[in-house]
Amino acid sequence: GLSQHTDGAWNDVHPCWMPDGKILFISERRGGFLRCSGSRPCPNFTMHAMDADGSNIVRISHHETNEWHPSINNDGKILYTRWDYVDRGDDQAHHPWIAAPDGRDPRAIHGNYKYQHQDGADMEVYVRPIPDSHKYVALAAPHHGGSYGSLIVIDPKADDDDGMGPVKRLTPDDGFPETRLTNPEEYETNGERGTGKYTFNGEAEKSNKSYAAAFPLSENYYMTTRNKKLYLIDAFGNRELIFEMPDMYALGPVPVKARKTPPIIPSHTEAVKLVDAPEYLKVGDEHPIEKSAAGYKTPGTVSVMNVYNSRIQFPEGTKITALRIILVLQKTTPVHQAPAIGYGMETGARSVLGTVPVETDGSAFFKLPSAKSVYFQALDENGEAVQSMMSSTYVQGGENLSCIGCHEKKGQTPENRQRLALQRAPSEITPEPSGSNPFSYPMLVQPVLDKNCVECHNSSDKTFDLQAGNWEEDEYKWYTSYRNLQKYAWHRGALGKGYDFWNHPRSIPGEVGAKVSDLIRILKNGHYKVKLSDEEMRRLVVWIDANSDFYGSYENITEQAAGEVVWPAME
């Protein structure tokens, strides 16, 4: 009775039934590639859904990096693992998320901002709801390895302390893979947390001695596999062998007994439907979207109740006047650092869509293009970022995404009073200066330098030339000025071919972008007779707040370096 439901140039994996009879699955149909794929192409894969007969495929996640192992929560929502990769290291956040069945309102459950590598599992995958419980069972696995490791239970109601607060270990006999420092003494190097190098963790390095996925029977009992054996384990440390397969590995146990169907949550958004019969495409290409699909064109709205509501308080006297919206682009080239977008190692290309106003009570209400992966920055009256998201979000067509604050504590409810922004129509996005969308250092920044700086800082100044220079001969086709400004700008990630083994995953208010840039500080304090206009200063601020990147697209870098407008191939 088997039937083939999908076909084409994309791998489709990890299917599961949804309460309404549709099939949820992970697919490469999102298009694009992983940013740190080394010498081999690693296609990007995210959540999709289709009817029970394989028709009517829709994209329900517009995340710009990988997602894994979806399942259905007891309340009918989707559980899955997401890789957050916005301006942070490659192995810092592969943790559980939850979303409505139509993909709206994606939210992290816990663990997205741990302070150091040792604070928890490297990855939490195969997240499954425990029957008659609000808790989940998951597999603590390595980032650079197979889905094997140690089993854990996650309590989403526990305080998320950016560590192990919500986590209980079911199998402490197996350590967490890839979270042990090679040399613990390196850990506090130069007073910075998490600067050491990492290795696999003893027994967990060998997949045949580690656990695979678990299926929960209750809060106390679980089925799981290890090596070629199926076990029943409990929450008290006992393990009983059920069955052994001498000639093949045992993976992913699932009881065949009927289980209670979770409730159906109606869709409130317009779907992004894929074309029914696409032509065969090469690896990494996007499954085309029906251009008539309403969900691809209809915007959503975002309402923020109070931007000042943050787990980490803003500096005293901070006045937020706007939010900047930045689009995170899909990587369309298959190998890492090709091209080198900017100073940060494997940094992702982005485009600055513009700004929307924040009212005096900290509220905002604005339109947002649907099906786009974006992040927000809270700006002060000078247009400088005070806080910048290190995660991404998106809206479906017609969705109203509502946030209590900026990085607020989970479990909070908004204040019981009318917010100013919600008493008016949603704001339209106001563009930033030309050269910010599409993003381009040659168009955004170099004109400011040419007009105000190169008279003194030119090729005769061997230490600080701010001309474009012989960029055709540069390894990355970067300008001379761009290389020389590196230590005066601001960015996350290591320079050139180096790696940061750990970046602080939280955006600390007042410690990002132009706020901590020596270039902006020098210009504000007065630099000889240099007098920048408001727009010229804004250009530099936008550049630095956007991670001080050089390119705004993964394609046609020669044209970009020549100052031509190059729109990204995949937005």
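Q: How many helices and strands does the protein have?
A: This is a predicted model. The protein has seven helices and 26 strands.

Q: How does the radius of gyration of the protein stand against the globule rule?
A: The rule gives 25 Å for 571 residues, and the protein comes out close to that, at 24 Å, so it is as compact as a globular protein of that length. Along the principal axes, the C-alpha trace spans about 80 × 55 × 50 Å.

Q: What share of the residues is buried?
A: A residue is called buried when its relative accessible area is under 20%. In the protein, 56% of the 571 residues are buried. The accessible surface comes to about 24,700 Å². Carbon and sulfur atoms account for 50% of that surface.

Q: Which part of the contacts joins residues at least 24 apart?
A: Start with the contacts between residues at least 6 apart in sequence. Of these, 63% join residues at least 24 apart.

Q: Where are the mean positions of the positive and negative charges?
A: The protein has 60 positive and 76 negative charges. Their mean positions are 2 Å apart.

Q: What does pLDDT say about this model?
A: pLDDT is the predictor's confidence in each residue. Its mean here is 89. A value of 70 or more is reached by 93% of the residues.

Q: Over which residues does pLDDT stay under 50?
A: Look at residues 181-208. The model has 56 contacts for them beyond four places in sequence.

Q: Which peptide bonds are cis?
A: Most peptide bonds are trans. The bond from A338 to P339 is cis, with omega near 5 degrees. P339 lies in the loop between strand 21 (320-328) and strand 22 (350-357). A cis bond also joins N437 and P438, where omega is about 0 degrees. P438 lies in the loop between strand 26 (400-403) and helix 2 (441-444).

Q: What is the phi of H69?
A: Most residues other than glycine have a negative phi. H69 is not a glycine, yet its phi is positive, at about 45 degrees. H69 sits in strand 5, residues 67-72.

Q: Is H69 buried or exposed?
A: H69 has 3% relative accessibility, so it counts as buried.

Q: What about Y126 and its phi?
A: Y126 is a residue other than glycine with a positive phi, near 50 degrees. Its place is in strand 9, residues 123-129. Y126 has a relative accessible area of 22%, so it is partly exposed.

Q: Where is V86?
A: V86 is in the loop between strand 6 (78-83) and strand 7 (94-99). With a relative accessible area of 4%, V86 is buried.

Q: How many residues apart in sequence are V86 and G348?
A: They are 262 residues apart in sequence. In space, their C-alpha atoms are 7.3 Å apart.

Q: Which residues does V86 touch, beyond four places away in sequence?
A: The list includes R35, E64 and V328. Y375, M389, M390, S391 and S392 also touch V86.

Q: Where is I508, and what is it in contact with?
A: I508 lies in the loop between helix 4 (480-484) and helix 5 (518-525). Set aside the neighbours within four places in sequence, and I508 is in contact with I312 and V386. I508 and Q313 are 195 residues apart along the chain. Their C-alpha atoms are separated by 8.7 Å.

Methods:
Residues numbered from 1 in each chain as written. Predicted model: local features only at pLDDT ≥ 70, side-chain atom pairs only at ≥ 80, totals over all residues. Heavy atoms only, no water. Helix = DSSP H or I, 4+ residues; strand = E, 2+ residues; numbered from the N terminus. Rg over C-alpha atoms; globule rule 2.2 N^0.38 Å. Buried < 20%, exposed > 50% of the residue type's maximum accessible area, 1.4 Å probe, protein only. Contact = heavy atoms within 4.5 Å. Areas by Shrake-Rupley, 256 points an atom, 1.4 Å probe, with all protein chains shown as cover. Lys, Arg positive; Asp, Glu negative; His and termini not counted. Charge placed at Lys NZ, Arg CZ, Asp CG, Glu CD. pLDDT = per-residue confidence, 0-100.
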